[in-house]
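Please look over the sequence and the structure below before reading on. The paragraphs that follow start from a single side chain and then widen the view.

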Amino acid sequence: IFLLRAPQRSLESGEPRRCAMKPSTVDAVKPTDFGEKALEKCKHWIVLEPLVYIMPKPDPKQTAKEKLGQYGKGEIVEGDGVRKDGIRWLKTSHEGEEAWILIDGTAVGVDRLF
């Protein structure tokens, strides 16, 4: 996942907004390392990976079998960037419940941000 600042919108349903960007636009965005301020300030994030899983808790040992859902490349996810046990996560919601998306690939042996 890569951070993207976008206009904030109130969500009547309380669910993350799901929308997508054109593939050519997404391909032009390059992930970069970002500071702690981005975790605090950014509220809308764009998925750059082909697929990211929505997980029930911030634990990098979870498997795909435990996923609550998923987002695909180009979708924008609303949430708060946080650190849990030194690992960067996106705290969001799924079907009215707290949910998490891993941002920090080093937690699973990949040297990049998702």
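Which backbone oxygen does the side chain of Gln 62 reach? The side chain of Gln 62 reaches the backbone oxygen of Asp 59, at 2.9 Å. This is a predicted model, in which local features need pLDDT of at least 70 and side-chain atom pairs count only at pLDDT 80 or more, while totals for chains, interfaces and linings use all residues. Residues are numbered from 1 along each chain as its sequence is written, and side-chain values use heavy atoms, with hydrogens and water left out.

Gln 62 lies in the loop between strand 4 and strand 5 (69-72); strands (E, at least two residues) and helices (H or I, at least four) are DSSP runs numbered from the N terminus. With a relative accessible area of 11%, Gln 62 is buried, a term that means under 20% relative accessible area, with exposed meaning over 50% and partly exposed in between (1.4 Å probe, protein chains only). Apart from its neighbours within four places in sequence, Gln 62 is in contact with Met 55, Pro 56, Lys 57 and Trp 89, where contact means heavy atoms within 4.5 Å.

The protein chain as a whole has two helices and nine strands, and along the sequence they follow the pattern β-β-α-α-β-β-β-β-β-β-β. Of its 114 residues, 39% count as buried. Among contacts between residues at least 6 apart in sequence, 60% join residues at least 24 apart.

Leu 39 is found in helix 2 (residues 36-41) and is buried, with a relative accessible area of 3%. The C-alpha atom of Leu 39 is separated by 4.2 Å from that of Gly 81, 42 residues apart along the chain. Leu 39 also belongs to the largest nonpolar core, which has 12 residues in all, among them Trp 45, Tyr 71 and Ile 101. Such a core is a set of buried Ala, Val, Leu, Ile, Met, Phe, Trp, Tyr and Cys residues joined through side-chain atoms within 4.5 Å. Strand 4 (51-54) and strand 9 (97-102) are the elements that give two or more residues to this core. In soluble globular proteins, nonpolar side chains tend to be buried together.

Strand 8 (residues 87-94) and strand 9 pair in the antiparallel sense over six bridges. His 94 has Glu 97 in strand 9 as its bridge partner.

How values were computed: A polar contact is a pair of N or O atoms within 3.5 Å; within protein, one must be able to donate a hydrogen and the other to accept it, and residues adjacent in sequence count only if both atoms are side-chain atoms. Two strands pair if DSSP finds at least two bridges between them.
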